[in-house]
Amino acid sequence: MPKKAHIRKVLIIGSGPIQIGQAAEFDFSGSQACRAMREEGVEVVLVNSNPATIQTDPGMAETIYIEPLRSDIIAKIIEKEKPDGILSGMGGQTGLNMTAELAEKGALKDVEILGTPLEAIYKGEDREKFRSLMMEIGEPVPKSIILTSLTQIEEAINAVGLPAVVRPAYTLGGAGGGIARTREELLRIVELGLSRSRIHQVLIEESVLGWKEIEFEVMRDSADTCIIICGMENVDPMGIHTGESVVVAPILTLRDDEFQTMRSAAIKIIRALDVQGGCNIQFAFRNGDYRVIEVNPRVSRSSALASKATGYPIARVAAKIAIGLRLDEITNTVTGCTPASFEPAIDYIVVKVPRWPFDKFKGADRTLSTAMKSTGEVMAIGRTIEEAFMKAKRSLDTDVQTHTSPSEIRMILSRPTDERFHCLFDAIRLGMTVDEIVQLTSITPFFLEKIKNIVDMEKRLAAAPDSDDEILCAKRYGFSTAEIVQITGRKPEEIERIVPAPAYKMVDTCAAEFPANTPYFYSTCEPVCEIVPTDTKKVLILGSGPIRIGQGIEFDYCTVHAVQALREEEGIEVHIVNNNPETVSTDFDTSDRLFFEPMQLEDVVNILKKDGYYGVMVQFGGQNAVNLAVPIEQEIQRLGLKTRILGTSPDAMDIAEDRDRFSLLLKKLKIPCPANTSAYSEAEAKKKAEQIGYPVLVRPSYVLGGRAMEIVHDERELETYMKEAVRVSRNHPVLIDSYLQNAIELDVDAVCDGKEVLIGGIMEHIEQAGIHSGDSACVIPTQSLPPGVIDTVREYTRKLALGLGVIGLVNLQMAVKDNIVYILEANPRASRTVPFVSKATGIPIAKIAAKVMIGRRLKDLGYSEREIDHVAVKEVLLPFNKLAGVDTMLGPEMKSTGEVMGIDYDFGLAFYKACISADNELPLKGNIFISVNMEQKNDVIPIARKLRDLGLILYGTEGTVDYLHEAGIEANLVRKVQEGSPNVLDMMRHGEIRLIINTPQDKKSREDHYQIMRAAVDFQIPYITTLQAARAAALAIDAVKREKMTLEPISHYLK
Amino acid sequence: MKAVLGLEDGSFVTGDGFGVEGECSGELVFNTLMTGYMEALSDPSYAGQILMFTFPTIGNYGADVQNMQSQGVKVLGAVCREICEVPDMKQTVRDYFEQKRLLGMSGVDTRSLTIKTRVHGTMRAALVVGSDDGDYAVRLAKKAPSISDCDLIPSVSCKAPYRIPGKGKRVAIIDLGLKTNIITSLTRRKGDLYIFPHNVTHEEIFGCEPDCLFITNGPGDPKQAKDAIATLKKCIGELPIFGICMGNQLAALALGGDTYKLKFGHRGANQPVKYVDGRIFITTQNHGFCVDAESLPEGCEVTFVNANDGTVEGFENEDLRINCVQFHPEAHAGPMDTECHYFDGLFRRIG
């Protein structure tokens, strides 16, 4: 069937900000969909609130809106753009939910729903509909009962027994779900689940805990052709969300007849749902028996993994199917010679391991269950399972704590946390048998035997460090040279002489049956390498690895931009190394060659050794990539390679990181900075902090996303801090800075070519200095600084970029207090604000930087700093609703997972939009609860007055109400939490509070603050924790009451 | 234990042997399936061939004998990247190979050999287990006859006729190397099965008063099946005729059509075939020879083509009531997507 001729214009809804359960995979799938549509001559209208996405780049779609993903706003866009169709399945659950809401509103009367039909959305998400569909087609599902109220608990226990699984309907990544082992646990989880579900419905289900968890990615076209792209098997059995599980592809432990039974069921299900496109189907399997667990009638994180695991571009093909093309009419772009209507065959093993944020959230509950907590994942490819496991562990790039206590190991194994995968190795090291571990974990013994092989290999190496054969064998098991060095104590050079260089093999969708032209490679220890060195000028760009707090999709965005910029240049081949399966940078056609590899020093250097590289770019991948600059340069010299680190020299990077060298430079340039020093011991730290004067800001050097950074008020706090910080980073000193209270913080992103400096944007933070810049909302252009100060900011940026010798990107953090501009830090690399700046100003600074790094001049590239007459606000998305037990207070440690942008012609309107997009929608009427620190009472009065004048009703606890009354502002009294019920928590529970303004309190009322904030998160009540944000909120509410929000594509603002 | 695989182009690879010491020579072919290694190893169509798995770990769930497609392993030898030493099932593939005195080799860069096969076309090879003498293995490979000169069918066909009774339609089967699941698919539909050796005469077939004739899969060059072709010629027009794999090729040859050798064949569980109505099905395939579409006489319609390379995957002659497919609708290993389509169609056509 040819494509549907009447579909000329299609709306694609993105998935919004990165959050737990919804990460970069939807930028990857959305971008593929945009390209696929345009290849077919279909015009694309795209809506997304997340500026750090490739899909929102100019040229990806005809019309791009960076607007809140709220159905009334999208309905207006539909009215204006009049698309013929809406592609429902590309924006994750957000996209599906939005499509359903739009349809319910009647906004899709003239718009055809393409891909996932409305009924499939309901059947996929509404448990009862899903169940009855499965029964209709004779597919088994776990026994279950639907609850809409807490009163039905006993009924539920009678029907399905305990333990039972709780799954709320219509939530992302299973948020609010869990496994209940007792009646009390069940009550607690159900209450939470009901409040999270869009339709106030949860499902209580027969527990299939411990069964194998199997997934299929299925595709279907309009001619009813169905194919399985990939089967995947979770190493962690049922009970842990697949996004939280270690997953292997293909399925390894099922016989063919078992596999085929579920394959046939999967096909039956996609047919019954009438999905035209991609669908993810999950099964539980035990002893020949299976249950259908879940269906996601859309592209998903699993489909992104399946795409990367097989090379098959699921989103691209799904998009083409949605507009009517048949699978056999679509070319498999990987082989270029076969149609997309086949099933990939793979000749390697893929392992995915999630990356959790618990290094950032010490208080969080680390237990893994059916709700997602991880922020990202890594994928590794090997020719053996052992090799893939070892490569995945290396790719994670986390500090792993080794456990040696048997009781602790048993605890982690039986009540799994993020540490379980590593703990399996510890358990075997300790001598636990595979059978014992199976008892505790229900993990299929096959996988444990593979882990045992690895541990046995460690032991053999340790026992015979001089055996070259054992070293060769370890290499085949995927051990890195560094790991072998560590175990054997031999020199790296000796090991290198013994082991052959790795071979690179191609991912080609077809196990070599057909010649492929996609340049997608992984390394393995085998004789034949498929890469033939060439004379072309090649550049290797380091990607950013798994998404984690502090190193998010922004760096992937920069990586992709760098690639795009260099591919525009004549005669340069651009290669990427990365290990994150969710991203655009690891899409098969983003670069000229993709290496899906760990990114430790030797993995990168191995690539450099394989082929002659002109240069390496480390600036775009975030701090991890930057940290490799110096070691890579040393290796290049040692090996005598002709490769260079492109852009800013590693030495200049070191100046920026080294406090002493940096201070000297600032002194030379006559640029002020807060008093600062560094210390290598606790005693030294105490002495120096005393000299600077408390409060001080302390942190280890070489930080990522402000890890372990704190504001310390006295010596006692410093002592506590030093014990933790020194453990975090033993090799580097602790940095101590004077903390500028109530200063305005600025971020500047600029490009320097060694002669000239181009300022991309100057951003004013909405929160005060001291809150991590990654967690702070910010605005372009600055709102409260006089022109003179801005000129100083420009001058310092220029001087510092040139003084440091920056070639490429630089991000500066500054603070302004009493009109004095201080430099807080300089990062000669891509920053997380680069995408925001690019979107807000239209200057693609990462692309410009990449060109400058290969020798182009700024003056020839034709860009200059832009004056804009619109306002763009970046707001962040915090993960507290996904992580129980986490302190919601913001500080110098970064906590946010993603960001959104609000754009309009007025600050208030832009801020309002940003708040909606960040799931923190400001109320225009109703009750507001205010509780602030006594020291801030004078500052809160004008804000409270403004909110009162805007018609909102104020509530507060005793102290706050008293001083508001004194200032002549009426406010209603409500009890503190400690004062018993009914109190503010009860009001929140009953939905009577629409906004909470609660700033950090003294120690005494910390518990109250914590409970209120936790309740705000759990009941999804918007909240504000800083006075600056409260002031901005008042402005925003005022603006929205006065004038209409602008609804224009991004190109309109940048005209 | 050492092992070496020599190829007719003069190259060889060494690896680790499993099973028992010994040697074999024949065609080296690769299969891309990811599950179902025991089904493949026991598929009689692999007689005369050394089977290489592109999937790197074989034996993950042990030697599951219940899914085997004939009594025992039929390949000359198995070549893989790795065999699993500790699967969840007790009996490992290694144990099985030792017990049944078979030849196997692991530790091979199978991907590079697959690429070589793809570029070069199928090669003759020799597997020597217990030695790493590459030159010897190469000499052995070069001495191996071409598959088209091998008479492989008698070794895998039944020796005497037998019956598997059923309450439904009577199906006469010429066994050229029958896969167990063809029987399963026919008996599931209550077929009353009369199974004959490859050299059966048409009189014997008519003697059982069948409702149709079914020709099975089998090894090697279809032109070697001279007896079966002769019998088939006499049955055409008299009986509805069905066939799978070699059955498809023999029907074409009996009609005066031609077959030819593919460069490296189709072997895997992911092969797309396109039906006349435009639908695509994913199928299991195992063939090195193929029907020449141009050679088919008038009245024949190609019903299935391979979506990858356009080769014939099935044809029909309505007047003569012939309906055959080149792929394996009985699957095992592989997808069941065409099982109903083909076998239901077969029984619908005969009544």
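**A hairpin and its surroundings**

Modeller: Four residues lie between the strands in the hairpin of β28(A) and β29(A), and among them Gly754(A) takes a positive phi near 95°. The model is predicted, and local features are reported only at pLDDT of at least 70 and side-chain atom pairs only at pLDDT 80 or more, whereas totals for chains, interfaces and linings use all residues. Residues are numbered from 1 along each chain as its sequence is written, while chains are lettered from A and ligands numbered from 1 in the order in which they are written.

Strand β28 (residues 744-752) of chain A runs antiparallel to β29(A), with seven bridges joining them; strands are DSSP runs of E of at least two residues, helices are runs of H or I of at least four, and both are numbered from the N terminus. Within this pairing, Val757(A) of β29(A) is the bridge partner of Cys752(A). Strand β29(A) also pairs in the antiparallel sense with strand β30 (residues 778-780) of chain A, here over two bridges, pairing being counted if DSSP finds at least two bridges between two strands. On that side, Cys778(A) in β30(A) stands opposite His765(A). Strand β29 spans residues 757-765 of chain A and is mostly covered, nine of its nine residues being buried; buried here requires 20 or more other C-beta atoms within 10 Å of the residue's own, exposed means 12 or fewer, partly exposed lies in between, and C-beta atoms are placed from the backbone.

Around this strand, chain A as a whole holds 37 helices and 39 strands. Its radius of gyration is 28 Å, close to the 31 Å that the globule rule gives for 1055 residues, so chain A is as compact as a globular protein of that length; the radius is taken over C-alpha atoms, and the rule is 2.2 Å times the number of residues to the power 0.38. Its C-alpha atoms fill a box of roughly 80 × 70 × 65 Å along the principal axes, and 61% of the 1055 residues are buried. Of the contacts between residues at least 6 apart in sequence, 71% join residues at least 24 apart, a contact being two C-beta atoms, placed from the backbone, within 7 Å.

The largest nonpolar core has 450 residues, and those with the most contacts inside it are Met814(A), Ile823(A) and Leu127(B); such a core is a set of buried Ala, Val, Leu, Ile, Met, Phe, Trp, Tyr and Cys residues joined through C-beta atoms within 7 Å. Helix α19 (residues 553-568) of chain A gives the largest share of this core, nine residues. Leaving aside residues up to four places away in sequence, Ile823(A) touches several others, including Leu666(A), Tyr796(A) and Met814(A).

Between the chains, 39 residues of chain B are in contact with 41 residues of chain A. On chain B, the elements that give two or more residues to this side are α3 (110-120), β15 (259-275) and β16 (280-291), with the largest share, five residues, coming from α3(B). The residues of this side of chain B divide into 15 nonpolar, 14 polar and ten charged, where Ala, Val, Leu, Ile, Met, Phe, Trp, Tyr, Cys and Pro count as nonpolar, Asp, Glu, Lys and Arg as charged, and the others, Gly among them, as polar.
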